[in-house]
Amino acid sequence: MPDVIGVVGAGTMGAGIAQLAAAAGARTLLHDPVAEARERGRQQIADGLERWRAKGRLEREPGEVAAVAELGDLAQAGLVIEAAPERLELKRELFATLSEIAPGAVLASNTSSIPITAIASAAADPGRVVGMHFFNPAPVMRLVEVIAGIDSSPEALEIARATGRAMGKEVIDATDGPGFLVNRCNRPFGLEALKLLQERVADVEAIDAIVRAAGFRMGPFELQDLVGIDVGYEVSLSFHELSFGEPRWRPSPLSARMVAAGRLGRKTGRGWYEYPRERAEDPEPLTAGGGHDRLVVVAGDVAVAQELRALAARAGFDARAQDEAEGEVPWLLIDAGADPEGPPLQGGPVALLCADGSLHALDGGGGAVGFHVLPPLEGSPVVELTRGAGTVASAAERVEELFAALGLRTVWVGDAPGLVLGRIVAQLINEACFAVAEGVGSREDVDAGMVLGLSHPRGPFAWCEEIGAEHVLAVLDALRIELGEERYRAAPLLRRLAT
């Protein structure tokens, strides 16, 4: 790590990065053209370092922090990290000037969406330009993404990595492209939620509650309101433009409508929610038990079927596989991928796993209930249910009773392959597979990035291993067939994992 680090931009992010540099022991120069911003940033750094000192988090005496008025004052820096507003021309102008002022320094941009190569071409030596994408708030989030532009040198990249590690961060590598690695892989989190809302599979509150129950800190609509719906919409437009119209990244007309209405989220007092907002506490998980030795047949070999059999047995049900209950009358039949050549599923109400299709596609006109849940079930305390026009009351009642006895809450939603959470997670996994196959980053870095940078409960590849690639692929193929949209085409890597 260089002895002297410069930071351009004294806003919340820039001051946070400067705090990290000082805490790592570097003499830190904070530049902003606005005097008031420099003073606010300097005070934020001092306050942050003092809090860390009081908590015993400082491993060494912090480096000196100086707020400087001129870019020329950064000439002595060995690394300059830019945290200016997200405007390409502004960044190009800064990098052209910085490369003349500090020709020996590595120049790093904290941009979250602008291609590093587009910024680097303005510098005298593009080989000394890299991306260092910190996550907000920088002093708290444990990740930094180091991005290689097309001309970034190995030496410049290693200096960026070493600096990130000295700051106490997990460093992951990404190649240049829309959203780099982490933000690219997270695109479906918001876009698929918007698609579910557009199709009226579930409303805003239900989608957010289902996602939170799976371990995410915030639902997609809560997050959009926090970031700003206009900000997210602009990012969507940028992704779509940079990808020359990739269907997976198509912006949502719902976002455009909200921006046109001026409903931008918390900052305007209205977005997907109205503010101030008092969010109801999510219900506590139910206590398992009460099976009373009733016969439940769970057909299928996917991970969710195996977990359901184990949970049902633990709750006191007589839980059996498809070939273990021939000739007996079950209290409930769970079809999670029944073997068509095995004993027929008959004699009791039926619940169908909506992975290979929607309930309508799998049981059109029948009396079954549709359901979907992702393993690990003990980490997903909400099971989504759906009904068709012919769903019989006994099936609905018994399915609700079964899952309550397993300690799992239920919520009714509209019909679709994968229902709500299954669609969002399948698309997160799919996008990660596309990114890895295109060389944007490794599987390990994708998982680390999503957990450490965005606080996901687990990374896409870890989730794929839990769920089973064949289950994920089934949801995507069914969505592509039933909705006829290219956004659901499966990544070749995912298809290989499944086979």
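Helices (H or I, at least four residues) and strands (E, at least two) are DSSP runs, numbered from the N terminus. The model shown is predicted, with local features needing pLDDT of at least 70 and side-chain atom pairs counting only at pLDDT 80 or more, while totals for chains, interfaces and linings use all residues. Residues are numbered from 1 along each chain as its sequence is written, and side-chain values use heavy atoms, with hydrogens and water left out.

View 1. The buried residues of H8 are Val204, Ile207, Asp208, Ile210, Val211, Arg212 and Ala213. Their cover includes helix H7 (187-198), helix H9 (220-227), strand E14 (382-387), strand E15 (409-412) and H15, where contact means heavy atoms within 4.5 Å. After H8 comes Gly215, which has a positive phi near 110 degrees.

View 2. Helix H15 (residues 421-437) spans 24 Å from its first C-alpha to its last over 17 residues, close to the 24 Å expected at 1.5 Å a residue, the expected span being 1.5 Å times one less than the number of residues. Of the 17 residues of H15, 16 are buried, and just after this helix Gly439 takes a positive phi of about 80 degrees. A nonpolar core is a set of buried Ala, Val, Leu, Ile, Met, Phe, Trp, Tyr and Cys residues joined through side-chain atoms within 4.5 Å. The largest such core has 124 residues, and those with the most contacts inside it are Ile207, Trp272, Phe371, Leu406 and Leu494. H15 supplies the largest share of this core, eleven residues. Apart from it lies another core, of 34 residues, among them Ala23, Ala26, Ile45 and Ala160.

View 3. Across the whole structure, a search finds six aromatic pairs; rings of Phe, Tyr and Trp (its six-membered ring) pair if their centres lie within 6.5 Å, and planes under 30 degrees apart count as stacked, over 60 as edge-to-face and the rest as tilted. The ring centres of Phe239 and Trp249 are 5.2 Å apart and their planes stand at 90 degrees, so the pair is edge-to-face. Because Phe239 lies in helix H10 (residues 229-242) and Trp249 in the loop between H10 and helix H11 (253-260), the pair ties together parts that are ten residues apart in sequence. Phe239 counts as buried at 3% relative accessibility, and Trp249 counts as buried at 4%.

**View 4. Trp463 and Arg458.** Ring pairs link Trp463 with Phe189 and Phe216 into a cluster. The charged end of Arg458 sits over the ring of Trp463, 4.8 Å from its centre; a charge sits over a ring if NZ of Lys or CZ of Arg is within 6 Å of the ring centre and within 35 degrees of the ring normal.

**View 5. His471 in helix H18.** His471 belongs to helix H18 (residues 469-483) and counts as buried at 3% relative accessibility. Leaving aside neighbours within four places in sequence, His471 is in contact with Val304, Leu353, Ala355, His372, Val373 and Leu374.

Conventions:
Buried means under 20% relative accessible area, exposed over 50%, partly exposed in between (1.4 Å probe, protein chains only).
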